[in-house]
Amino acid sequence: MPRPIRAIIDLSALRHNFSVARRHATAARLWAVVKADAYGHGLERTVAALQARADGFALIELERAIALREAGLTKPLLMLEGCYATSDVPLFIRHRLIPVVHRSEQLDWLLASNWPADLPVYLKLNTGMNRLGFDAAGLTNAKSALAKRHVGSVLMSHFADADGPRGIDWQLERFRAMTAGMSEATSLGNSATILRYPESVGDWARPGIMLYGGSPFPQTKSAAELDLRPVMTLQSEIVAVQHLAAGECIGYGCAFTADRPMRVGIVACGYADGYPRHAPTGTPVLVAGMRTRLLGRVSMDKLCVDLTDLPEKIGVAGKVTLWGEGLAADEVAMAAGTISYELFCALSPRVPVSEVGGWPK
Ligand SMILES: *Cc1c(COP(=O)(O)O)cnc(C)c1O
């Protein structure tokens, strides 16, 4: 029998969440962001599930984009970091990949190639995130160089605090100042922007985490409150039960000590499966549909859960949900001091994945 851990990807939830993005950003076209293997959900299955709805797919990894093209995908593909070297350019041309251009060398590589006039580029503007993008002068230069080649462009920027207290107005002001008098289409909003500032997403919005059922601002609004459904559910089973006397500890570092007699379930899931090692005692876990808590230190292949207050019959082979249906990944992430994005992306290749909610045949 295989180890009882598995991840279930609910494609109907993915399509539902996409429709939530549509509902908010009614006037915009939507790039479904599928970088990092669709945030750990599997690139091919995610693209297949959204192909009929998304206006295009945005990712980072060149080899994965080429694989999508080779599998027959004709939808627009946006490469969020563009080219890394001049040798990438012919591949972008051959596979019709739309590059983000964020620094002048990238532009020089395109201009030195036979870049086709009908393949647009995304010009990235730095409006305060201060990671990637042109300033006002760089933008003007880039635009005039592209215009000479009759290559179209879309003006893009990324918000640093769309999910936080600073919001987006300060960056929008800079964006407007930098692009005054320009008539190109724009691309601005990620999930947080789509949900909080739907009027400011630009012509092409870029939803990521919301498609996978994560809240971009879990401290203030849960995914459920945003009408987002979990797509990934990580499940395993109890493989042993321990009875601890008061004063006994459990796991590496003796990081948890029982203060009374306790029943503890040992679950076949650890950090080598993608569960965060830094999740502390108290992190929520579902056992047989009931909420309980993690105890002690997460190890490579196992973690421990409190069964003391659960019915006696729940023991070996009891079903455990680490996150997903019934337990929002955001809750686990918050307990572990991280974000759902990181949990999803960290799902290990050793965890078998199955799908539900595919199109009826
Ligand atoms: C990852 C990414 C997104 C998606 O962000 P979410 O917060 O997951 O919605 C949008 N735009 C860019 C440029 C990105 O890199």
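Q: Is Arg263 buried or exposed?
A: Arg263 counts as buried, at 6% relative accessibility. Keep in mind that this is a predicted model.

Q: Which residue does Arg263 form a salt bridge with?
A: Glu312, and the closest N and O atoms of that pair are 3.7 Å apart. Arg263 sits in strand S13, while Glu312 is in the loop between S16 and S17, so the pair links distant parts of the chain, 49 residues apart.

Q: And Glu312, buried or exposed?
A: Glu312 is exposed, with a relative accessible area of 64%.

Q: What does Arg260 pair with?
A: Arg260 forms a salt bridge with Asp309, with 3.8 Å between the closest N and O atoms. Here too distant parts of the chain are linked, 49 residues apart: Arg260 lies in the loop between strand S12 (256-257) and strand S13 (262-267), and Asp309 in the loop between strand S16 (303-306) and strand S17 (319-323).

Q: How accessible are those two?
A: Arg260 is partly exposed at 33% relative accessibility. Asp309 comes out as exposed, at 63%.

Q: How many salt bridges by this rule?
A: The count is 18.

Q: Which residue does Arg229 bridge to?
A: Asp10, with the closest N and O atoms 3.7 Å apart.

Q: Is Asp10 buried or exposed?
A: Asp10 is buried, with a relative accessible area of 14%. Arg229 is partly exposed, at 34%.

Q: Which residues are linked in a network of salt bridges?
A: Arg3, Asp273, Asp301 and Arg350 form such a network.

Q: Switching to helices. Which residues of H3 are buried?
A: In helix H3 (residues 43-50) the buried ones are Leu43, Thr46, Val47, Ala49 and Leu50.

Q: Why do they line one face of the helix?
A: Looking down the axis of H3, the buried residues fall within an arc of 165°, so they line one face.

Definitions and conventions
Residues numbered from 1 in each chain as written. Predicted model: local features only at pLDDT ≥ 70, side-chain atom pairs only at ≥ 80, totals over all residues. Heavy atoms only, no water. Buried < 20%, exposed > 50% of the residue type's maximum accessible area, 1.4 Å probe, protein only. Helix = DSSP H or I, 4+ residues; strand = E, 2+ residues; numbered from the N terminus. Arc of directions from axis to C-beta. Salt bridge = Lys/Arg side-chain N within 4 Å of Asp/Glu carboxyl O.
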